[in-house]
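Dear colleague,

Please find the structure below, handed over for your records. My notes on it follow directly after.

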Amino acid sequence: MDVQHLLDEAIKEAEAGLREGGLPIGSVLADESGKIVARGHNLRVQTGDPTAHAEVACIRHAGRRRDWPRLTLVSTLSPCIMCTGTSLLYRIPRVIVGENRNFKGAEELFTERGVSLTVVDDARCIEMMRAFIAEKPDLWNEDIGV
């Protein structure tokens with residue numbers, strides 16, 4: 001599985017969210033061969049839906065499936081507790097995170113449940129979130145429930 005390719009695609013989703021006036025967080029879901037089966041980005045601002053985080057949007061776009069335990073979720077940012085819970089509910093066994101410096105989500109829940117968690121520490125993801133948080137702290141705080 002080409003982790004860099006999957007992260008590049010998640011970054012494209014994050015950039016789309018930013019262009020739309022939303023938050024720059026993106027996600028993709030890939031099968032065992034590395035083929036992307038769904039993608040999504042944070043749509044909370046665009047739709048007014050407080051649950052429309054990138055990972056939840058991505059999982060929604062995946063539709064009804066039976067292969068969840070064979071998929072990998074890739075996100076540009078460490079998933080919040082809601083997104084972590086959603087991926088745990090569907091027994092997604094592998095999560096790849098672009099960065100967790102700007103926000104560290106509920107990563108301990110992944111570890112406790114035996115989910116393989118990889119933090120890439122990607123400079124593009126770090127800078128994209130750093131710049132967004134600096135530019136729009138109120139919008140960021142609203143997104144994380146502060």
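Helix α3 is followed by G63, whose phi is positive, near 70°. Helices (H or I, at least four residues) and strands (E, at least two) are DSSP runs, numbered from the N terminus. This is a predicted model, in which local features need pLDDT of at least 70 and side-chain atom pairs count only at pLDDT 80 or more, while totals for chains, interfaces and linings use all residues. Residues are numbered from 1 along each chain as its sequence is written, and side-chain values use heavy atoms, with hydrogens and water left out.

Helix α3 spans residues 54-62, and seven of its nine residues are buried, so the helix is largely enclosed by the rest of the structure. Buried means under 20% relative accessible area, exposed over 50%, and partly exposed in between (1.4 Å probe, protein chains only). The buried residues are A54, E55, V56, A57, C58, I59 and A62. Their cover includes the strands β1 (26-30), β2 (36-41) and β3 (72-75), as well as helix α4 (81-89).

The structure also holds two aromatic pairs. W68 and Y90 form a tilted pair, 4.9 Å centre to centre with 40° between the planes. Rings of Phe, Tyr and Trp (its six-membered ring) pair if their centres lie within 6.5 Å; planes under 30 degrees apart count as stacked, over 60 as edge-to-face and the rest as tilted. W68 is buried, at 6% relative accessible area, whereas Y90 is partly exposed, at 33%. The ring centres of F103 and W140 are 5.7 Å apart and their planes stand at 85°, so this pair is edge-to-face.

Kind regards

Note on methods:
Contact means heavy atoms within 4.5 Å.
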